[in-house]
Every structure is written in structure tokens, then in C-alpha cells.
Amino acid sequence: MPRYDLEGRVAIVTGAGRGIGRAIALRLAREGCRVTVADLDGDTAAQVADEVREFGAQALALQVDVTRKDDVEGMVNESIARRGPLHILVNNAGIGAIAPLMETDEETWDTLMNVNAKGTLLCSQAAARRMIEQGDGGRIINNASGAGKTAPGKGLPLGAYAASKHAVVALTKQMGLELSDHGILVNCVCAGIVDTHMWDLIDRETAKRQGVAVGSIKAQAVASIPLGRIQQPEDVANMVAFLASPDASYLTGQTYNACGGLLPY
Amino acid sequence: MGRLENKVAIVTGAGQGLGRSTAQRFATEGAKVVVADLNQATAHDTVQAITSAGGEAVAVVGDVSNGQDAECLAATTLAKFGRIDILVNNAAIFGSGKHIAEIDEEAWDRVMRVNLKGPFLCSKYVIPPMRRQGGGSVVFVSSMSGVVGNELQADYNTSKHGLIGLARCLAQDCGGDGIRANVVCPTGMNTPMMARTPPENVAPYAAMTMFARFAEPAEVANAILFLASDEASYITAAVLMVDGGATAIQPSGRQLKEGAARFLRAAGQEDTRAPSKIR
């Protein structure tokens with residue numbers, strides 16, 4: 001049952017083939033949005049689009065590499081051509097890499113920056129251009145991470161990832177300012193330890209490095225969450241739905257924690 | 001179905017402004033609302049507004065900074081509605097508006113007592129029932145003044161900074177009990193008090209936001225509703241800036257000048273101030 005007045009709005013969600021992006025796509029669809037499900041993996045995008053259609057909402061699946069300008073512009077153009085004016089963009093596509101900074105090679109750095117930071121910029125530019133033409137404002141919601149605000153902590157070698165996510169937080173501030181005159185509100189979400197493939201990867205790789213049992217890294221991290229449970233993708237989607245809704249009309253340029261109290265600020 | 005169906009909520013300082021807006025919105029969303037205020041007449045006006053719209057509310061008159069009153073607020077709520085799901089610590093007073101060297105001790109104590117000790121006491125007495133119920137949500141109304149410094153606001157800003165610390169510690173102490181604690185930090189709002197203030201006095205503050213306007217109380221109430229509701233079930237210790245992006249930027253002189261002019265145009269006034277006064 002919808003909680004916000006988003007009926008008929010069109011949303012593009014990147015990285016929506018699984019995990020947090022999938023939960024966001026499903027949630028926005030339940031709120032009445034027509035959803036464009038974009039993912040590098042076209043098969044998973046198609047599966048999520050099918051899930052959306054199962055409960056009667058409209059969905060469009062697109063295979064998109066957010067680091068390629070042509071792909072990104074094609075995504076926005078096709079979504080508008082087939083689903084009508086664009087109102088909401090959720091920059092969710094992101095990747096992680098596990099390595100101490102001293103061992104982070106140039107290629108890893110470039111890949112993280114390309115997907116997490118440049119992808120966010122390219123998608124936002126393409127979407128905002130069309131939103132400005134439409135003249136009816138819009139919403140851009142960026143998915144950073146706790147690593148967008150803090151270093152993830154000893155034993156979690158996510159330095160380059162954190163740098164790329166800090167970039168997303170900075171982009172949010174400046175983009176909010178530059179788009180405010182057009183009524184386009186830009187905000188960012190910092191999730192905590194979310195039960196997804198990415199945390200399975202972090203756990204597995206870190207456990208291997210430390211010579212400890214698989215699962216123990218994640219368990220330790222979860223033990224430090226004040227609310228005492230691992231985060232579900234739907235918890236992130238709740239925050240995104242609020243930020244996409246008319247209820248968030250005075251919020252822009254800011255980064256909001258949805259992390260069970262994990263982050264210190 | 002409303003977003004707060006079957007919930008019982010206390011809103012302090014609910015006789016006017018943001019508190020009233022929040023209480024009304026909560027009632028619209030299905031909550032039973034306890035309208036707490038020092039002022040009996042305004043508290044009853046809010047209750048009247050809610051009940052005449054078909055909602056459920058009662059007034060509790062008292063001083064949040066008095067321990068007995070705060071305890072009584074929780075006890076009365078339990079007696080009337082049987083549970084407490086939400087507490088919104090909204091009641092607050094302005095500072096003395098003086099230079100830090102001129103603030104007298106009594107004025108300082110009064111601001112701290114109402115703005116900081118009050119929320120502490122109100123929270124303290126709702127925690128045991130929330131714990132017994134298996135959870136609850138406490139929302140603190142801080143301010144943009146809770147994260148930045150302003151001229152002539154040492155007492156007020158210190159109290160609002162303190163609320164953020166209080167909320168974060170409550171979140172740590174009570175997370176295991178399922179009790180969440182969060183903060184909203186609004187900028188100026190278009191309240192009756194703002195309407196009585198000459199626009200040129202407040203234009204510099206409006207100009208700090210990306211919209212060059214103040215928030216409507218309803219826009220801030222939306223954020224409080226979100227944090228109070230189960231939609232925010234994984235959100236605790238969070239500070240939700242409802243500030244039109246003001247604290248995301250280091251505003252340039254040009255932004256402040258253009259923003260103030262835009263604000264005054266919207267208020268139907270020309271910008272007559274010397275640019276040097278806009279910082």
C-alpha cells in the first residue's frame with residue numbers, strides 16, 4: 001500500500017538488478033511509480049522488471065554501463081521515449097573492492113572511481129538536462145554508504161571504495177546547489193551493513209586476508225550496530241522512498257544516514 | 001490506513017508552530033496524540049483543531065523542564081492511552097540574543113533547562129514504558145543552530161548542539177531495547193513568530209538556503225513523521241537536516257546577496273541593506 005503520493009511518477013534506478021537497487025525499484029513501483037530498471041547485467045534487470053510487473057506496475061529493463069556516456073544518455077532517452085517525462089533518478093549502481101590503500105593498484109582505483117563517482121555524475125547530468133527541459137523539477141537520490149563519511153575501520157580495507165563514496169557525498173552537495181533553481185532536489189543516503197552480495201564479498205575477501213572463518217567479519221561488524229541487526233535492502237529503500245516523495249520538499253544537498261546507528265555522525 | 005495507525009504520540013510544545021503542525025499531522029496519520037504545552041489555552045486550541053478534524057488528542061499542561069511534570073506527562077499518557085510509541089521533544093525557547101559576554105547566568109540556565117534538560121527528562125520517563133513495549137521512537141527537534149555557530153546565539157545554539165549529543169547517546173543506550181532516537185535540524189520556518197519579524201532581519205538566514213526561502217512547518221513535520229514512523233525502523237542516531245541545503249555549502253557572498261534579494265522580493269520588499277551587512 002502506497003505511503004506517498006508518487007502515483008504515475010517515472011523513476012530510473014541504476015544497479016537495480018539485485019540487492020539494494022532491486023529493493024528500491026520494487027518499493028518505488030509499490031508507491032505507484034513507473035520504474036526503469038537499469039543494470040550492467042541485462043538479465044537481472046529483466047528479472048526485476050518482471051517482479052515489478054507481477055504486482056501490476058509498469059517496468060522497463062535496460063542494460064546500461066553507467067561509466068559510458070552514450071549508454072547513460074541512451075538510458076535516459078529511452079526511458080523518456082517509452083515511459084514519459086522523468087521525475088526521479090536513483091544513482092545506486094556501485095561496486096566495491098577490498099585492498100589496503102598501499103596495495104590498491106591504479107586499475108582498481110580507476111574502476112571504483114569510474115563506476116561510483118563518474119557514473120553518478122554522468123547519470124545525473126543526463127537526467128537533470130531532461131528534467132530542466134521538462135521544467136517541473138525532479139529528484140536525484142545518490143546511494144553512498146557509511147564509507148561515504150568515515151573510513152570503514154581497521155580490518156576492513158575499503159580505502160579506495162571510501163574515497164569514491166566520499167566523492168558521491170561531495171557531488172550531492174554541489175549538485176543540490178547547482179540544480180536548486182530548477183526545483184531538482186538532490187540528496188544522498190548512507191546505508192550501513194546491508195545484507196547483500198557486496199557485504200558477502202567484503203566478508204569473504206577480508207576473512208581470507210586475515211585467515212579467519214568466512215562469516216566472522218560480517219558477524220563482528222553487525223555486533224557493532226546499535227539496533228543489533230543487519231540492515232536489509234528494504235531499510236534503504238524506505239529512506240529513498242521518503243526522499244523521492246513530496247514529503248521531502250525542503251530537503252536538498254544533504255546526506256542522510258540510514259544505518260541502524262552504526263555511523264558516528 | 002495512516003502511517004501512525006494505533007500509535008500513541010507525545011508532542012511537547014504542541015500548542016503552536018511546528019509542534020502544532022506535527023501534532024495535527026500525526027493525528028491525520030492515525031496516531032492518538034498527547035498535546036503537551038506550558039500554555040493551557042494554546043494546548044486546548046491544538047486539541048480542538050485535531051478533534052474537530054476527526055482525530056484523537058488530549059492536552060497535558062506542564063513544564064517539560066520540571067521533573068515531576070515530565071514524569072506526570074508519561075504517566076498521564078499511559079493512563080489515558082495505555083502505551084507510548086513516540087515522543088517528539090519539540091518544546092523550546094529562544095536564547096537571549098546577546099553577545100556571549102553579556103548573557104547573564106540566569107538566562108543561560110533557563111535556556112539550558114527548557115531546551116536541553118526538558119528533552120532529557122521527557123525522554124527519561126518514556127523509556128521504561130517503551131522498553132516494556134519492545135520499542136519506540138524519540139525525535140528531537142534541534143535546529144540548523146545545532147550544527148553551526150551564529151552571532152549572538154551562544155545560549156540557544158549550545159542547547160541545540162546538546163540535543164544532538166543527547167539523541168546519539170540515547171540511541172546507543174536504548175538501541176538494544178528497540179528504541180530509536182533521531183534529530184531533525186530545521187532552518188527558520190514560516191511560523192506566526194516569523195511573520196511578525198521584519199523580513200530584512202531574517203533575509204540573511206533565508207539566503208543561506210539553496211531555495212532562498214524558509215521551510216513551512218508542514219515540511220518539517222513531514223520529516224518528523226518519517227522518523228517517528230515504522231518507515232524509519234532502521235534509522236537511529238541520525239541527524240536529518242531539513243535546511244534547504246544550507247549546511248551543505250559554504251555560501252559565497254554572491255549567493256547571500258542574490259538569495260537575500262530573492263527572499264525580499266518574495267516578501268514584497270526591496271533589498272535596501274548595504275551588501276556589507278550580508279555575510
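**View 1. Contacts around B:Ala9**. Leaving aside residues up to four places away in sequence, B:Ala9 touches B:Leu4, B:Phe26, B:Ala31, B:Val33, B:Val34, B:Asp85, B:Ile86, B:Val88 and B:Ala228. Two residues are in contact if their C-beta atoms, placed from the backbone, lie within 7 Å. This is a predicted model: local features need pLDDT of at least 70, side-chain atom pairs count only at pLDDT 80 or more, and totals for chains, interfaces and linings use all residues. Residues are numbered from 1 along each chain as its sequence is written, and chains are lettered from A and ligands numbered from 1 in the order in which they are written.

**View 2. The largest nonpolar core**. It holds 177 residues, and those with the most contacts inside it are A:Val37 and B:Ala9. Such a core is a set of buried Ala, Val, Leu, Ile, Met, Phe, Trp, Tyr and Cys residues joined through C-beta atoms within 7 Å. A residue is buried if 20 or more other C-beta atoms lie within 10 Å of its own, exposed if 12 or fewer, and partly exposed in between, with C-beta atoms placed from the backbone. In chain B, 53% of the 279 residues count as buried.

**View 3. The open sheet of chain B**. Seven strands follow the order β3-β2-β1-β4-β5-β6-β7, with parallel pairing. At the edges stand β3 (56-61) and β7 (239-242) of chain B, each with a single partner strand, so one side of each is left without a neighbour in the sheet. From one strand to the next, the twist averages 20°. Strands (E, at least two residues) and helices (H or I, at least four) are DSSP runs, numbered from the N terminus. Two strands pair if DSSP finds at least two bridges between them.

**View 4. Strands β2 and β3 of chain B, with helix α2**. Strand β2 (residues 32-37) of chain B runs parallel to β3(B), joined by six bridges. B:Val35 has B:Ala59 of β3(B) as its bridge partner. Helix α2 (residues 40-52) of chain B lies across both strands, at about 175° to β3(B). Axes are lines fitted to C-alpha atoms, for helices over the stretch in contact; angles run from 0 to 180 degrees between N-to-C directions.

**View 5. Helix α4 of chain B over the sheet strands**. This helix (residues 105-133) lies across β1 (8-12), β4 (86-89), β5 (136-141) and β6 (179-186) of chain B. It runs at about 170° to β4(B).
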